[in-house]
Amino acid sequence: GFSAGGRRCSSQPPAGPPRRSAGTDEGSRRDRRQARPRSTGQLGNDDGEKGGRQMFDKNTLRTNNRDMFMGAVRHYRRERCGPGAKASAPDEQGPTGGKGMLQVYLRKRPLFEKEERTRGDYDVATVIPPGKVVMHNCLFQADLKTPFINHLEFEYDQVFGEDTENSEVYRMAAFDLVLASREGGVGTMFMFGQTGSGKTHTMTAIEEMAAKDLFEGAEPGAEWLQMQFIELRGNRCFDLLAPVPKEKMPELRLRESSDGCFFAEGATNVSPKSPAELISAIRTAHSRRATSATEANSVSSRSHALCTLRLLRSKGQLTLADCAGTERRKDSMYHSKERQQEAAEINASLHALKECVRFAARRERVPAHAYRASSLTKLLSGAFTREDSARLSVICTVSPCASDTEHTLSTLRTGMTLGGKGNEREQKEQIIVRRPDEPPPPAQWDPSQVRAWLVEAQYQDAADALPSNFDGKMLVRIPEARCVQLCGGDAGRGSALYAALRERIRVSKR
């Protein structure tokens, strides 16, 4: 495993006794696969030798070139957003005007100080009110030397910037659903996005504000509504309101009713008498959810939570679904087998949910096989089978971090597809890197530069022996014998000149 010059190639492992398999050729191939090192972006090899080409992943390149990419993003914002542009603007129609059955919203969370300080992250998501967001995908060409940015524009019914208050998000995205359920309709809201993008933060605030509006017109002390709070871990269903310790929460079975909808058999129903009681019950249920540390969030919700509120007088229903955070296979490759299975089940249920929402958005009857695909969609089947009175709202939450670019793009594309706003618009910007002035390589020297280098290297006699039109292209091709000839036949000086020329060429290729 050595190159022709005796130096190990940078893509090979450190020298050592070769690993041999006692078995067949298949065993040998397996050994070779295991011996292949991972590209980590480190210089050289373990023994300190100088390596050749360095390999970096996308996020390493984004971090290493933070200042360059941030400058280009700031320039884009000055050109597109203008001075003093606000992150979000209220809809002129107000919270109840001109909305269809499905509304898709986007909320961008702030960039946290620890992400800037410890990871070197920066903001690559630009909100353009009222309904557009641009993702700045910072990349390099295959040569790893030429940087560029893909500015990808997405359109939603409403976008909320990092400065938007929870009350504004509730007024624009959730109040319609609360009003519809008070009048006998079916309102359903989904939170969708990457782990750590702010789903539970947003949903908790919406639940507490909705609790106050749901009791409007209620008689003091009278039974006004009933609540169920169910947790879905994969295809297993648990009762978060059961009066037992968290470790002993009962597992529920899903049953199909006569109208084709599904319900959780034996789920606890509570009847709060006031907004304060309802908020207290919601907080208790959230505290019992399954969480786990992930790369993005130390207390990530690893389950779906469905809060179902049924109004007894109007027969309306409001369902608030806080979906588990999505993860890509790449991000969970170091998880345990159990965690990998959990991530796969989460993604499968979210895919089934997206399919049902697409049918509903087109005003088509959702086929039974679509909502039977997962426990999540089974429990939400009431929102998909009552097309006449159902209202759907989706809030996509995204992180502004450059290191989360691929996650964010996946969420943005999903949300825009659900809303039927068409395809993303792409604008590619090539970044011109201004490096300090460097001397040209020998192959690009003109005759005067060739002569100047020879004189500086103490080879005046060789410079005098060259023709006047001898340029760099000729110089880099001369053999050692020609160098001896230029030095008046002195073999020692000729070899030294040839070696000095080879070294100058090698240095220029770094």
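**Getting to know this fold**

Me: Leaving aside its neighbours within four places in sequence, which residues is Phe154 in contact with?
Reply: Contact means heavy atoms within 4.5 Å. Once neighbours within four places are set aside, the partners of Phe154 are Gly131, Lys132, Val133, Met135, Leu409, Leu412, Arg413, Met416 and Glu424.

Me: Good start! What kind of model is this?
Reply: Residues are numbered from 1 along each chain as its sequence is written, and side-chain values use heavy atoms, with hydrogens and water left out. Local features need pLDDT of at least 70, side-chain atom pairs count only at pLDDT 80 or more, and totals for chains, interfaces and linings use all residues, for this is a predicted model.

Me: How many helices and strands are there in the chain?
Reply: Both kinds of element are DSSP runs numbered from the N terminus: helices are H or I with at least four residues, strands are E with at least two. Counted this way, the chain has 18 helices and 16 strands.

Me: What percentage of the residues count as buried?
Reply: Buried means under 20% relative accessible area with a 1.4 Å probe and protein chains only; exposed is over 50%, and partly exposed lies in between. The chain has 510 residues, and the buried share of them is 44%.

Me: Asp123 and Arg77 meet in a salt bridge; how many residues apart are they?
Reply: A salt bridge is a side-chain nitrogen of Lys or Arg within 4 Å of a carboxyl oxygen of Asp or Glu, and here N and O of Asp123 and Arg77 are 3.4 Å apart. Asp123 sits in the loop between helix H4 (113-119) and strand S2 (125-128), while Arg77 is in helix H3 (residues 66-80), so the pair links distant parts of the chain, with a separation of 46 residues.

Me: Which helices does the salt bridge of Glu208 and Arg283 link?
Reply: The closest N and O atoms of this pair are 2.9 Å apart. The two residues lie 75 residues apart, Glu208 in H7 (residues 199-214) and Arg283 in H8 (residues 275-287), and the linked helices are H7 and H8.

Me: What is the volume of the largest cavity?
Reply: On a 1 Å grid over the protein atoms alone, a cavity is a set of points where a 1.4 Å probe fits but cannot get out. Points are joined across faces, edges and corners, and volume is the space filled by probe spheres set on them. The structure holds three cavities of 30 Å³ or more, and the largest has a volume of about 60 Å³.

Me: Which element gives the most to its lining?
Reply: Lining residues have an atom within 4 Å of a point, and here they are Phe190, Phe192, Leu353, Lys354, Val357, Val394, Thr414 and Leu418. With three residues, the top contributor is H9.

Key: 1 Å grid on protein atoms, 1.4 Å probe; cavity = no way out; pocket = protein on both sides within 12 Å on 5 of 7 lines; lining within 4 Å.
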